[in-house]
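Let's take a walk through a protein model together. Have the sequence and the 3D view open, and follow along one stop at a time.

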Amino acid sequence: MAFDDKIMEKSIDPAVHQMLDRAEQLGLETVWDRYEKMLPECGFGELGVCCRNCNMGPCRISPFEDDGPQRGICGATADIIVARNLIRMIAGGAAAHSDHGRDLAHTLLLTAEGKSGGYEIKDEAKLAALAAEYGIATDQRSKEAIAEDLAKAVYAEFGKQEGPLQFTRRAPQKRVAQWQKMGIDPRGIDREIVEIMHRTHIGVDNDPVNLILQGLKASIADGWGGSMVATEISDVLFGTPMPVKSEANLGVLKEDHVNIIAHGHEPVLSEMILAAAGDPSLVANAKAAGAKGINVVGMCCTGNEIVMRHGIPLAGNFMQQELAIITGAVDAMIVDVQCIMPALGDLCECFHTRFISTSPKAKFPGAVHMQFSEESALAIAKEIVGSAVENYAHRVPEKVFIPADKTACMVGFSTEAILKALGGSLDPLLDAIKSGAVRGIAGVVGCNNPKIKHDEGHVGLVRHLIENNVLVVTTGCNAIACAKVGLMLPEAADDAGDGLKGVCKALGIPPVLHMGSCVDISRILSVCAAVANALGVDICDLPVAGAAPEWMSEKAVSIGAYVVSSGIFTVLGTVPPVLGSPVVTEVLTQAANDVVGAAFAVETDPVKAAGLMIDNIDKKRQALGI
Ligand code: XCC
Ligand code: SF4
């Protein structure tokens, strides 16, 4: 189906085209409309040169050297203001990921103490491995006793005053030594975030380089701290993902079922929603109401968490959350935290959809708040699902329009699953890299952003990489974009270059491996560390690269910072608000190489961005002599 250019240019996804057309017919506003109304966006903001850190201001620095203020009222230059703003974004992102990790640690502790309402320890092997990493005795001890010690140990990582963070020691020795030399080996997770807030208060740290170093330090505490805790403890509680088949895109909604979308981030909620949706009495209620059953689907990173562990279908990525409501077929949109648009409330009022918030940390206009608590998790989840079932009767059939589009995918490539696919050791992968069949590995991650044609940045970049024999690992909204276009099927190997194609066919894996939600970028770090350790080199020596083609969130800024801090060259597809500072721009794109062995590049054209990544991979191959 073809629509007018105004619709076609917004996304590459046919489901999105149909839903935007539908929105237009119904006179409904979406994120794309609000983006257009916002244009031109604030030029000072784009450059990062406005400051509101004290009430002498707000101040903004003129981009023209001979016209307008060159200093804030306190005397801060553009370099200082840009650096402060940037690391405050890192603080926001690191806080979000880490608070997610903290919630998992809390749930593990409650579960170990027998106080949680429905959780169990599902992966004892992982529990034992993590206990060993923390030096916790496992011999002759119950899993609850081990889990209690582990939960307390990881819980303590957040409030620690002195380092190191245990998981940072997964990094190669050389990497840790470099962090120590640069003073960016994090102490406690919370401590580094708090120190950003302190240093960026008026009149504290006014050296742009010193500010950025603290930003890197806090970001490492996210990637190798809070995010890694979130991933590892989720695996202990809910199981380590293994390959599983599923489907992606709005076509996973079912006209004849109660449709529940779990949207947000933390599996603590979504796992229980799933459990509740299987409750025979709720299913019976759904049937009594005339539905064939209860259909739970996921959105954004919550979607990634439950597709990886249970094969629950993915309804879509960030830019599709409003479109899902506009199908008129969603009986409940259940959310927890992060990436949930406050616009959903008004939109749900145009349909029968019940918008249910659950976290004490995240309330929304127009939402019904049904507060979730780990202590009575299953009972509350049943109430929430019950409310969705009850709402099915209010669905207006004339308002239902579900696009048919959905694509099969194979997901669930945790580090453990990748090792298993390789036959238990990294060697086949290392051999394929050495022989050149696999040129290198790229981590492609991150959000959607209306500044970029939806999913084009993601898919264009990933396709170019696999055509050039670069194996892609992905998380977040990029993963969902790839799933929707069929890149996560073993058959997609046919779209890859000959070398990668051969390797994928031999192993029966897709050329694009879904490694999970955004906190699961920590899985990518763990794989990189394992490969570097196996080769006896640092991560910055590996033929790997990272990209966030359509990033928008503060979390993505923290991710970019820790990926670069880990030694991985990273290309950003939307321009970060730093160009107002020559110093900050230079540090991020050049000087970072001397500090952490990697730097950022900005490239909005996806094919050119892939080209930069391939160049970097080739350079590393050459240096390794392979
Ligand atoms: Fe959010 Fe995690 Fe970005 Fe997607 S990729 S828009 S952060 S859901 Ni994390
Ligand atoms: Fe202006 Fe300085 Fe206050 Fe920022 S901290 S608002 S630059 S006076």
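Before the first stop, one term: a donor here is an N, O or S atom within 2.8 Å of the metal, and since water is not among the atoms, a site may look incomplete. Keep in mind, too, that this is a predicted model.

Now find ligand 1. Its nickel atom has a single donor from the protein, the SG atom of C518, at 1.9 Å. Where does C518 lie? Look in the loop that links strand 13 to helix 22 (521–535).

Strand 13 takes us to a sheet. This open sheet has six strands in the order 13-12-11-14-15-16, paired in parallel. Strand 13 (512–516) and strand 16 (600–602) stand at the edges with a single partner strand each, so one side of each has no neighbour in the sheet. From one strand to the next, the twist averages 25°.

Zoom in on one pair: strand 11 (residues 440–444) runs parallel to strand 12 (residues 470–475), and five bridges join them. In one of these, V444 has T474 of strand 12 as its partner. Lying across strands 11, 12 and 13 you'll spot helix 20 (residues 476–484), at about 115° to strand 12.

Last stop: an unreviewed UniProt entry lists C51, C54, C59 and C74 under "binding site". They're spread over 24 residues of sequence but cluster in space, with a largest C-alpha distance of 10.7 Å. Is C59 buried or exposed? With a relative accessible area of 12%, C59 is buried, while C54, at 24%, counts as partly exposed.

Technical notes. Residues are numbered from 1 along each chain as its sequence is written. Chains are lettered from A and ligands numbered from 1 in the order in which they are written. This is a predicted model: local features need pLDDT of at least 70, side-chain atom pairs count only at pLDDT 80 or more; totals for chains, interfaces and linings use all residues. Side-chain values use heavy atoms; hydrogens and water are left out. Two strands pair if DSSP finds at least two bridges between them. Helices (H or I, at least four residues) and strands (E, at least two) are DSSP runs, numbered from the N terminus. Axes are lines fitted to C-alpha atoms, for helices over the stretch in contact, and angles run from 0 to 180 degrees between N-to-C directions. Contact means heavy atoms within 4.5 Å. Donors are N, O and S atoms within 2.8 Å of the metal (3.2 Å for Na, K and Ca); water is not among the atoms, so sites may look incomplete. UniProt positions are given in the numbering used here, feature names are shortened, and annotations may be inferred rather than shown by experiment. Buried means under 20% relative accessible area, exposed over 50%, partly exposed in between (1.4 Å probe, protein chains only).
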